[in-house]
Amino acid sequence: MSRPGQGVMVPGSGLGFPPQNVARVVVWEWLNEHSRWRPYTATVCHHIENVLKEDARGSVVLGQVDAQLVPYIIDLQSMHQFRQDTGTMRPVRRNFYDPSSAPGKGIVWEWENDGGAWTAYDMDICITIQNAYEKQHPWLDLSSLGFCYLIYFNSMSQMNPPGQNNLNRPGPQRTTSVSARASIPPGVPALPVKNLNGTGPVHPALAGMTGILLCAAGLPVCLTRAPKPILHPPPVSKSDVKPVPGVPGVCRKTKKKHLKKSKNPEDVVRRYMQKVKNPPDEDCTICMERLVTASGYEGVLRHRGVRPELVGRLGRCGHMYHLLCLVAMYSNGNKDGSLQCPTCKAIYGEKTGTQPPGKMEFHLIPHSLPGFADTQTIRIVYDIPTGIQGPEHPNPGKKFTARGFPRHCYLPNNEKGRKVLRLLITAWERRLIFTIGTSNTTGESDTVVWNEIHHKTEFGSNLTGHGYPDASYLDNVLAELTAQGVSEAAAKA
């Protein structure tokens, strides 16, 4: 289905990424019963991209953004759409198109069926139609693409010529011409292609898509635009920016920190464990050997004073492991003096991360978030420059990039919002907000990415899933912070 001049066509079995430093527009498509790839709407594409950004192996609930798609879920790992009420599965794919093509310009052509519903043409047909329309051709014959239809641009209608019969056609069978008098409203420009997340050359999912709908049965042509997310508040003067009540200061900086020369791994593990003299006949969930036998790391890892058969119980949660297994797990981690139970994720000590040096600012602005009409807003601004990776990072000594900074995030200025802010400041100081890794959105490696603590980066809407209103967000982010060992209870302990 690829043609010269179109974007790169990516197989349905994987996500794929466009050529480096080449702008592309992302469109998600699904395979119908006629083996034709059909595009999802702009809003759905944007929703998939946002879920992908958070978890490349997760699931996408399409009903969250389109009520007509409530039964459908996309499994990103297998790249299939699953219908929950019937069990039907269909492949999906993530395609990249050149910005000069129809999807690159945010244009989709659709036809109206007998029931009055609009249906999008396959994307390759959209591209062909748009090319002919831009060249001011009076009509277009789709028979070369397997559809026995003629499209007349002056009347914005399609006709099935007499004697033609195609069971795989996009529109209802017609044996006579269909006429229409309406045309595309004049003076309505296509929306510009924009990089929504500012992190690379891929433009997510036609977020401002202009939908030019082709009438197939002589009815008026309509033009629709998906709403655009409101990412930032109205301009705020410096005099209107105030400190957050109950939170000292307006800025926190983190500098380059060398890893502490902590005690050896054996001492750290013994600090949090109690020796078990008679362990139960159960699996050690680290090495998967029985606790009554030697650790699976016997002969692989040697530590003086840690015999392979020794078993310990973690103090608070009570889970049991070979001491040598925990030493191996600790030695393979951040080695910051903390230990996390691999079963229940309970954290012992103070967990720190690998966030690069940067600055976190926070203040009040005199605007309200959706759902918090009588409350001012806390604005957080994170800024991290590019730099060189340290010994705790994936590729020590190699340069890392920092795309999309400064990043603006928002909280309501109420009791719970201020509590979240205080804990986010703690997480920032422990280097837990960001890390260096591979971007799920662009595929770029050695770049600064979010680190499992979700932030609201959309100020005046929730089209991307990263805005307001969201009644459960504050509770959810408190739970995420607790999972990282950041909570008021932990601070008092």
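## How strands pair into a sheet

Two strands count as paired if DSSP finds at least two bridges between them. Keep that in mind as you explore this predicted model. Here, four strands build an open sheet, arranged in the order E15-E21-E22-E25 with antiparallel pairing. At its edges sit strand E15 (251-254) and strand E25 (407-412), each of which pairs on one side only. Going from one strand to the next, the twist averages 15°.

Let's zoom in on one pair. Strand E21 (residues 358-365) and strand E22 (residues 377-383) are joined in the antiparallel sense over seven bridges. To find one of these links in the structure, look for Ile365, whose bridge partner in E22 is Thr377. Helix H5 (residues 415-429) lies across E15, E21, E22 and E25, and runs at about 170° to E21.

## The largest nonpolar core

In soluble globular proteins, nonpolar side chains tend to be buried together. In this model, the largest nonpolar core has 41 residues. Those with the most contacts inside this core are Trp28, Tyr40, Ile48, Leu62, Tyr121, Ile129 and Leu142. Several elements give two or more residues to the core: strand E1 (24-31), helix H1 (42-54), strand E4 (72-75), strand E6 (89-97), strand E7 (107-112) and helix H2 (123-134). The largest share, six residues, comes from H2.

Leaving aside residues up to four places away in sequence, Leu62 touches Tyr40, Val44, Ile48, Leu69, Tyr72, Ile74 and Gln81. Apart from this core lies another, of 39 residues, with Leu421, Leu423, Trp428 and Val477 among them.

## A closer look at helix H2

Is H2 mostly covered or mostly open? Mostly covered: nine of its twelve residues are buried. They are Met123, Asp124, Ile125, Cys126, Ile127, Thr128, Ile129, Gln130 and Ala132. What do these buried residues of H2 pack against? Their neighbours are E1, strand E2 (37-39), E6, E7, strand E9 (139-141) and strand E10 (150-152).

After H2 comes Gln136, which has a positive phi near 60°.

Note on methods:
Residues are numbered from 1 along each chain as its sequence is written. This is a predicted model: local features need pLDDT of at least 70, side-chain atom pairs count only at pLDDT 80 or more; totals for chains, interfaces and linings use all residues. Side-chain values use heavy atoms; hydrogens and water are left out. A nonpolar core is a set of buried Ala, Val, Leu, Ile, Met, Phe, Trp, Tyr and Cys residues joined through side-chain atoms within 4.5 Å. Buried means under 20% relative accessible area, exposed over 50%, partly exposed in between (1.4 Å probe, protein chains only). Contact means heavy atoms within 4.5 Å. Axes are lines fitted to C-alpha atoms, for helices over the stretch in contact, and angles run from 0 to 180 degrees between N-to-C directions.
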